[in-house]
Amino acid sequence: MSNQAQQPGVLLLQGPPSLFWRELAVGFETAGVKAHHINFSLGDWIYWLKPGARNFKKPFSAWSAYLSDFIVRENITDILYYADQLPYHRVAADVAKRFGVKCHAVENGYLRPDWITLERGGMGRLSHFPDDPETIARIARQVGPADRVVRYPHKFWQEASNEVIYNLAAYLGRLIFPRYEADKYYDPLLEYVMWLPGMFRRPKTMPVRYEKKDSPPFFMLALQLQSDYQIRANSPYAHLSEMLEEVIRSFAAFAPENVRLVIKQHPFDNGVEKWDQVLPRIAGRFGVAHRVDFIDKGDINVLLPKVSGVIVVNSTVGLHSLSAGRPTIALGSAVYDVRGLTHQQGLDSFWTDPAPVDPALLDQYVRALAATIQVKGDFYNKAGRKVAIAEIVARILNGAVNCPDAFVEVPPRLADV
């Protein structure tokens with residue numbers, strides 16, 4: 001075996017749709033570590049455009065054996081991937097465990113804007129971040145305050161256009177990568193076509209009653225995308241309609257008569273699910289259509305100062321509501337679902353006795369989160385990419401992912417990775 005093959009290397013699988021992944025590889029190589037990449041689709045190829053990448057064109061069933069051989073042949077010590085629940089990444093985590101290779105999930109930051117997540121193994125139910133206040137407090141005592149100043153902003157169109165380019169390239173490039181399994185919830189072409197009517201449809205704005213000082217008491221349910229892996233992999237719901245049935249049934253049975261429910265659609269929703277039609281039918285079945293409002297556009301920050309409580313599955317909206325000091329309940333697996341932060345006594349009691357947010361614990365939580373599984377930076381801002389890449393390379397090469405050391409052995413919440 002050649003000396004080159006003996007050199008330890010890192011393997012970058014599918015990354016975010018930006019220049020970040022390619023520049024991250026350069027960061028590793030500048031630090032003296034060979035960076036490898038495998039393309040699964042034309043989208044991967046377009047955003048890599050760097051010599052030396054391999055193209056995996058075999059059936060998905062051959063991926064495990066291919067990766068096993070690749071790890072041994074190239075002396076891979078670490079694997080990085082964006083979106084840990086993508087099919088190729090789930091298999092990679094299993095294969096890596098057999099070979100003693102470390103896996104690192106890279107994602108949008110929990111504290112965004114201006115943060116990227118870097119976590120050992122995976123996120124959600126696979127997270128190693130602690131859910132007990134004592135451990136969180138112990139970590140917080142070892143670190144300083146989180147830098148919450150936004151230093152690396154990017155425009156919405158930068159993120160949206162890159163997502164469109166990547167997914168359409170992967171879709172249209174099936175002649176080149178005919179066996180690629182994207183595991184998308186919707187057909188990408190359908191999803192983007194469905195965006196067009198929404199561009200010309202007048203949004204359902206915030207009912208005036210919620211903008212007044214004497215607005216009635218209300219709770220907010222923040223919808224996520226049906227296509228979001230956080231729903232499919234880290235919640236008990238196969239479809240968000242199941243969650244809506246559960247929430248509205250509980251609201252009808254246990255919320256006081258003078259309380260209302262506002263259901264806020266996700267800003268990137270493509271309109272396929274037609275929530276504006278589904279929700280009135282569900283609310284009508286439970287006799288509360290007159291107490292439930294649906295809005296498809298608008299800033300949640302208008303609602304948060306007045307809301308009595310926030311219901312999420314595992315959206316980052318939960319962190320925004322906690323930061324605003326609003327009672328919050330998470331119905332799925334969420335990294336912020338911690339005793340003292342979120343309501344722990346079930347949905348039925350939330351309407352009348354929502355648990356308050358402990359501000360001291362929240363400060364400790366943000367400190368601990370920022371110091372362990374968050375990296376300052378951005379996927380789309382050039383300066384943000386530079387600072388994040390330097391930190392990610394340093395943490396991985398120094399074995400400091402999920403550190404400080406007192407935190408390293410905290411087990412994952414619901415699964416052993």
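Predicted model: local features only at pLDDT ≥ 70, side-chain atom pairs only at ≥ 80, totals over all residues.
Reader: How are helices α2 and α16 oriented to each other?
Author: Two packed helices are described by the angle between their axes and the distance between the axes. For α2 (residues 20-30) and α16 (residues 382-397), the axes come within 9 Å and cross at roughly 50°. An angle under 35 degrees would count as roughly parallel, and 65 to 115 as roughly perpendicular. The two helices α2 and α16 are therefore oblique.

Reader: How many nonpolar residues does the contact of α2 with α16 have?
Author: On the side of α2, the contact is made by Phe20, Glu23, Leu24, Gly27 and Phe28. Helix α16 contributes Arg385, Ala388, Ile389, Ile392, Val393, Ile396 and Leu397. By class, two of these residues are charged and one is polar, while the number of nonpolar residues is nine.

Reader: What is the handedness of the crossing of α10 and α11?
Author: The axes of α10 (residues 240-254) and α11 (residues 275-285) come within 10 Å and cross at roughly 35°. In this contact, Leu240, Ser241, Leu244, Glu245 and Ile248 of α10 meet Trp275, Leu279, Ile282, Ala283 and Arg285 of α11. The contact divides into seven nonpolar, one polar and two charged residues. The crossing of α10 and α11 is right-handed.

Reader: Which elements are included in what covers the buried residues of α5?
Author: Helix α5 (residues 87-99) has 13 residues and reaches 19 Å from its first C-alpha to its last, close to the 18 Å expected. Its buried residues are Pro87, Tyr88, His89, Val91, Ala92, Val95 and Ala96. The elements covering them include α4 (63-74), β4 (76-82), β5 (102-108) and α9 (229-234).

Reader: Which residue just after α5 takes a positive phi?
Author: Helix α5 spans residues 87-99. Just after this helix, a positive phi of about 70° is taken by Gly100.

Reader: Is Tyr82 buried or exposed?
Author: Tyr82 is placed in strand β4. Among the residues that Tyr82 touches are Trp21, His89, Val106, Glu163 and Phe379. The relative accessible area of Tyr82 is 12%, and the cut-off for a buried residue is under 20%. Tyr82 is therefore buried.

Reader: What separates the C-alpha atoms of Tyr82 and Gln14?
Author: Along the chain, Tyr82 and Gln14 are 68 residues apart. The separation of the C-alpha atoms of Tyr82 and Gln14 is 6.0 Å.

Key:
Residues numbered from 1 in each chain as written. Heavy atoms only, no water. Axes fitted to C-alpha atoms, helices over the stretch in contact; angles between N-to-C directions. Helix = DSSP H or I, 4+ residues; strand = E, 2+ residues; numbered from the N terminus. Parallel < 35°, antiparallel > 145°, perpendicular 65-115°, else oblique. Contact = heavy atoms within 4.5 Å. Nonpolar A, V, L, I, M, F, W, Y, C, P; charged D, E, K, R; others polar. Expected span 1.5 Å × (residues − 1). Buried < 20%, exposed > 50% of the residue type's maximum accessible area, 1.4 Å probe, protein only. Left-handed = near helix turned anticlockwise from the far one by under 90°. Lists of a residue's contacts leave out its neighbours within four places in sequence.
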